[in-house]
Amino acid sequence: AMQKTLATFAVMFLAALNLQGCGSTGGTTTTTIAPTTTTTTTTPGKPPEPDSCNGTFLMDKDCTSADKTDLKTVHKVTDAGQCCVECKNTPDCKGWAYNEKIADKKYQKDCFLKNDACVGGKPTKTGVISGMLNVTATASEGNMITI
């Protein structure tokens, strides 16, 4: 019985040693929380889609309206796709001609919006990209890209 009492006392003594410092002594308990930092990582991906335009693009062709006038001229347009968007967003526009790389720098990057789909003709003109909204390309036209 003495051994059992001694073993119980030893276990209690060891438990008391382990628990020393646990609990409160009646004083104030201070808890320190480390500040958190949130890191936002931007992963490279696809940029937002620009306004797009579906149409028929005619390479090295100058879209001419039947009455030989332009509905509107937009200067300093970035490319033929943007010229197409300008047409799409302009009431009554059905065609356009974009001066991509022409000899007369005064008109370079100009976008000429047309009120018809090149009814006045599509003469060959190097450096001009023309197009039409809602028109299907035909193989006989040549130099056409439909998107």
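A contact here means heavy atoms within 4.5 Å. The model is a predicted one, in which local features need pLDDT of at least 70, side-chain atom pairs count only at pLDDT 80 or more, and totals for chains, interfaces and linings use all residues. Residues are numbered from 1 along each chain as its sequence is written, and side-chain values rest on heavy atoms, with hydrogens and water left out.

Confidence first. The predictor's confidence in each residue, pLDDT, runs from 0 to 100. Its average over the chain is 73, and 56% of the residues score at least 70. Helices (H or I, at least four residues) and strands (E, at least two) are DSSP runs, numbered from the N terminus. Strand 4 (residues 111-114) comes out highest, at 96, while strand 6 (residues 144-146) is lowest, with a mean of 46. Residues 13-25 fall below 50, and this stretch has 1 contact in the model beyond near neighbours in sequence. Residues 27-32 are also below 50, again with 1 contact beyond near neighbours. Where pLDDT is low, the predicted coordinates should not be read in detail.

Now for the cysteines. With a disulfide taken as a pair of cysteine sulfur atoms within 2.5 Å, the structure holds 4 of them. Numbered in sequence order, the bonded cysteines of the chain pair up as 1-4, 2-8, 3-7, 5-6. Cys-53 is joined to Cys-84 with an S to S distance of 1.9 Å, and this link is left-handed, at -60 degrees about the S-S bond. Cys-53 sits in the loop between helix 1 (2-19) and strand 1 (55-61) and Cys-84 in helix 2, so the bond ties together parts that are 31 residues apart in sequence. Cys-53 and Cys-84 are both buried, where buried stands for under 20% relative accessible area, exposed for over 50%, and partly exposed for anything in between (1.4 Å probe, protein chains only).

A further disulfide runs from Cys-63 to Cys-118, at 1.9 Å S to S. Its torsion about the S-S bond is about -110 degrees, so this disulfide is left-handed. Because Cys-63 belongs to the loop between strand 1 and strand 2 (72-74) and Cys-118 to the loop between strand 4 and strand 5, the pair ties together parts that are 55 residues apart in sequence. Both of these cysteines, Cys-63 and Cys-118, are buried.

Cys-83 and Cys-111 form another such bond, at 1.9 Å S to S. Here the torsion is about 80 degrees, so the disulfide is right-handed. Helix 2 supplies Cys-83 and strand 4 supplies Cys-111, so parts that are 28 residues apart in sequence are tied together. Cys-83 counts as buried, at 0% relative accessibility, and Cys-111 is buried with a relative accessible area of 0%.

Thr-90 lies in the loop between helix 2 (80-88) and strand 3 (95-99). With a relative accessible area of 12%, Thr-90 is buried. Its side chain reaches the backbone oxygen of Glu-86 at 2.7 Å. Leaving aside residues up to four places away in sequence, Thr-90 touches Leu-71, Lys-72 and Leu-113.

Over in strand 5 (residues 124-133) there is Leu-133, which counts as buried at 13% relative accessibility. Residues up to four places away aside, the contacts of Leu-133 include Cys-53, Cys-84 and Cys-87, along with Lys-94 and Trp-96. Leu-133 and Lys-94 are 39 residues apart in sequence, yet their C-alpha atoms are 5.3 Å apart in space.

As for charged pairs, a salt bridge requires a side-chain nitrogen of Lys or Arg within 4 Å of a carboxyl oxygen of Asp or Glu. By this rule the count is 1: the side chains of Lys-114 and Asp-70 meet at 2.5 Å, N to O. Lys-114 is in strand 4 and Asp-70 in the loop between strand 1 and strand 2, so the pair ties together parts that are 44 residues apart in sequence. Lys-114 counts as buried at 7% relative accessibility, whereas Asp-70 is partly exposed, with a relative accessible area of 36%.

Notes
A polar contact is a pair of N or O atoms within 3.5 Å; within protein, one must be able to donate a hydrogen and the other to accept it, and residues adjacent in sequence count only if both atoms are side-chain atoms.
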